[in-house]
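Reader: I'd like to go through this one with the labels taken apart. Can you show me where each word comes from?

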Amino acid sequence: MAQILELHYRFENQRGEIYHRLTNQREIMMNTNSWFAMMRELRRRFTTGMDTILFNAGEAFGSDIVENSTKEYANMQERAHFLAQFASASGWGHFDYKIFPDGAIITSPNNAFADLVEKSSTPSCFFLKGIFQGIYNVILGEGTTVNETMCRSSGDPICQFEIKHKLH
Ligand SMILES: [Zn+2]
């Protein structure tokens, strides 16, 4: 695990700073109880507006990371492998993916974010959904839609995201 962490993160031990190797942005670790408390408060104050807040935050991050990974990994399979490994190294869970010319299907049996929202009758991983939207806006361009078709927060065994470009 330590090696995987160092593949993705640069540690400035003396300064107590961590940077992402590709984006060069400073990273922090966050306790999941704090994240859950934040989600609960966002839901309480903004109701469905929370979905947009999380989606937009994810989308900005997704575009940023894929733009930087494009320089390093030109091949689509290598890039997907890198991104899935990055998610695992960040403690987000295990991700499987099938890539098609006009999109992808991404699944996770244990994505952390599904456990960090209150149970819901509809899929609720808006941060991850935004990340995939940001990634695929860069890869396939305008007209790409991301749907979460199964979600552990609403009782499914896995989270599943379907990404599709309408013009292909
Ligand atoms: Zn989910």
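Author: Helices (H or I, at least four residues) and strands (E, at least two) are DSSP runs, numbered from the N terminus. Bear in mind that this is a predicted model: local features need pLDDT of at least 70, side-chain atom pairs count only at pLDDT 80 or more, and totals for chains, interfaces and linings use all residues. Residues are numbered from 1 along each chain as its sequence is written.

Reader: Which exposed residues does α4 carry on the face turned away from its buried side?

Author: Q77 and E78 sit on that face of α4. The buried residues of the helix are A80, L83, F86 and A87.

Reader: What makes the buried residues of α4 line one face?

Author: Look down the axis of α4: the buried residues fall within an arc of 125°, so they line one face of the helix. The arc is that of the directions from the helix axis to the C-beta atoms. The cover over those buried residues includes α1 (2-8), α3 and β4 (96-100).

Reader: Why does A87 count as buried?

Author: A87 has 20 C-beta neighbours inside 10 Å, so it counts as buried. Leaving aside neighbours within four places in sequence, A87 is in contact with W92, G93 and F95; contact is called when two C-beta atoms, placed from the backbone, lie within 7 Å. A87 and H8 are 79 residues apart in sequence and 9.8 Å apart in space, C-alpha to C-alpha.

Reader: And R79, buried or partly exposed?

Author: R79 has 18 C-beta neighbours inside 10 Å, so R79 counts as partly exposed. R79 belongs to helix α4 and touches S69, T70 and Y73, not counting residues up to four places away in sequence. From R79 to P123 there are 44 residues in sequence and 26 Å in space, C-alpha to C-alpha.

Reader: How do you know that the span of α4 agrees with its number of residues?

Author: The expected span of a helix is 1.5 Å times one less than its number of residues. The 14 residues of α4 should therefore span 20 Å, and its end C-alpha atoms are 20 Å apart, which agrees. Just after α4, G91 takes a positive phi of about 80°.

Reader: Why is α2 called oblique to α3?

Author: Two packed helices are described by the angle between their axes and the distance between the axes. Here the axes of α2 (residues 32-46) and α3 (residues 49-72) come within 7 Å and cross at roughly 130°. That makes α2 oblique to α3. Angles under 35 degrees count as roughly parallel, over 145 as roughly antiparallel, 65 to 115 as roughly perpendicular and the rest as oblique. As for the axes, they are lines fitted to C-alpha atoms, for helices over the stretch in contact, and angles run from 0 to 180 degrees between N-to-C directions.

Reader: Which residues make that contact?

Author: L42, R43 and F46 of α2 meet G49, M50 and I53 of α3. By class, that contact has four nonpolar, one polar and one charged residues. Ala, Val, Leu, Ile, Met, Phe, Trp, Tyr, Cys and Pro count as nonpolar, Asp, Glu, Lys and Arg as charged, and the others, Gly among them, as polar. The buried residues of α3, among them M50, L54 and F55, pack against α2, α4 (76-89) and α6 (126-139).

Reader: What makes you say that α6 is largely enclosed?

Author: Eleven of the 14 residues of α6 are buried, so the rest of the structure largely encloses it. F126, K129 and Y136 are among those buried residues. Their cover includes α3, β5 (103-108), α5 (112-115), β6 (144-150) and β7 (159-165).

Reader: Last one: why is T47 called exposed?

Author: T47 has 9 other C-beta atoms within 10 Å, so T47 is exposed. T47 lies in the loop between α2 and α3, and its phi is near 45°, a positive value in a residue other than glycine. N24 is also a non-glycine with a positive phi, of about 60°. N24 is in the loop between β2 (17-20) and β3 (26-27) and is exposed, with 9 other C-beta atoms within 10 Å.

Technical notes: A residue is buried if 20 or more other C-beta atoms lie within 10 Å of its own, exposed if 12 or fewer, and partly exposed in between; C-beta atoms are placed from the backbone.
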